[in-house]
Amino acid sequence: MPQQKIIAIMGPTASGKTAAALAIAREVPAEIISVDSALVYRDMNIGTAKPNSEELAAAPHHLIDIIDPSEAYSVAQFLNDSARLVKEIQLRGKLPILVGGTMMYYKALINGIDDLPPADPTIRTQLESEMAQVGVAGLHARLMQVDPITAARLQVNDSQRIQRALEIYQLTGQAMSTLISQQVRPSAPFQLHAISLEPSDRAFLHERIAKRFDDMLEQGFIDEVRRLKQRPDLTPDLPSIRCVGYRQAWDYLEGHIPFQEMRERGIIATRQLAKRQLTWCRSIPERIIIDCTKNTINEQVLVQSHELIKAI
């Protein structure tokens, strides 16, 4: 059975992906599937640059505001949800458009994911307790003993992935790297026609990132994080609070850094994220590149999308 062909609008943060998708939705009946690991969280609106009420009303959006910040949303869940939504949208006679910059989601759509055991709450609690005693570096050292291949590719402070690798070892008695090497990944649920919004001048993107962060601060971003921080079930180790901007604002509210340093760290972290996103986009040779520094970006997206729709 041939793969479904789907339009995807990708690119670094602040490149104009939402506006480009809405430009298509104004021309053809379409629904937007978010490819953003931060937009899934409720009550996290300003710092995630979540589409506003007018944008949400312009076209149906999916995978936004679907879980609480205390919960986790896995790549496997995204794959299942996006595959289901594509079918439902097509049955409604509309065009599904994947929009966002979470590259691990796109990577999973293109390459599939490894079949690994699900999370075990008991082991997770045990590892959290152990991390409180020996720190992330202590867990990383233990992972180096049981799975040196995985430990070598992970940052020493990547607590979430280090714990996951140790959890898999405790569940199966085998290193995660060994299990992955033995697997044959299933084919992707659909084929992506990628439109990538990329800057010809990196300074342009840096300016947009800084302006957007300052706009978020003016819109009440610190108050948003303060409300989250008041919840006893939220901690800085959760995936939601580790989102870019949120962890810097959390540190500021903890009194660890002054306001100006929080702002600078938030902007730098966002620029680093954009750099990683661009690196990943450039790994897709067949993508259609549109310069996001030009005023005609949405017009170019429309031209390309109409050509892609004909191909689909």
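In the predicted model, helix H10 meets helix H11 through Phe221, Ile222, Glu224, Val225, Arg226, Leu228 and Lys229. The partners in H11 are Tyr246, Ala249, Trp250, Tyr252 and Leu253. Contact here means heavy atoms within 4.5 Å. Helices (H or I, at least four residues) and strands (E, at least two) are DSSP runs, numbered from the N terminus. H10 spans residues 221-229 and H11 residues 246-253. The two pack at an angle of about 75°, with their axes 10 Å apart. H10 is therefore roughly perpendicular to H11, a label that covers angles of 65 to 115 degrees. Axes are lines fitted to C-alpha atoms over the stretch in contact, and angles run from 0 to 180 degrees between N-to-C directions. The residues of the contact divide into nine nonpolar, no polar and three charged. Nonpolar covers Ala, Val, Leu, Ile, Met, Phe, Trp, Tyr, Cys and Pro; charged covers Asp, Glu, Lys and Arg; the others, Gly among them, count as polar.

Residues are numbered from 1 along each chain as its sequence is written. Local features need pLDDT of at least 70, side-chain atom pairs count only at pLDDT 80 or more, totals for chains, interfaces and linings use all residues, and side-chain values use heavy atoms, with hydrogens and water left out.

UniProt, in an unreviewed entry, places a "binding site" at Gly11, Pro12, Thr13, Ala14, Ser15, Gly16, Lys17 and Thr18. Such annotations may be inferred rather than shown by experiment. Pro12 lies in the loop between strand E1 (4-10) and helix H1 (17-25). Beyond its neighbours within four places in sequence, Pro12 contacts Lys17, Leu197, Pro199, Leu205, Ala274, Gln277 and Leu278.

Lys17 lies in helix H1. Lys17 is buried, with a relative accessible area of 12%. Neighbours within four places aside, Lys17 contacts Ile9, Met10, Gly11, Pro12, Val99, Gly100, Gly101 and Leu197. The Lys17 side chain reaches the backbone oxygen of Gly11 at 3.3 Å.

Two non-glycine residues with positive phi were also examined. Ala49 has a phi of about 55°. Ala49 sits in the loop between strand E2 (30-34) and helix H2 (53-58). Ala49 is partly exposed, with a relative accessible area of 30%; the class lies between the buried limit of 20% and the exposed limit of 50%. Asp65 has a phi near 60°. Asp65 occupies the loop between strand E3 (61-62) and helix H3 (75-91). Asp65 is partly exposed, at 32%.

Definitions and conventions. Angles under 35 degrees count as roughly parallel, over 145 as roughly antiparallel, 65 to 115 as roughly perpendicular and the rest as oblique. Buried means under 20% relative accessible area, exposed over 50%, partly exposed in between (1.4 Å probe, protein chains only). A polar contact is a pair of N or O atoms within 3.5 Å; within protein, one must be able to donate a hydrogen and the other to accept it, and residues adjacent in sequence count only if both atoms are side-chain atoms.
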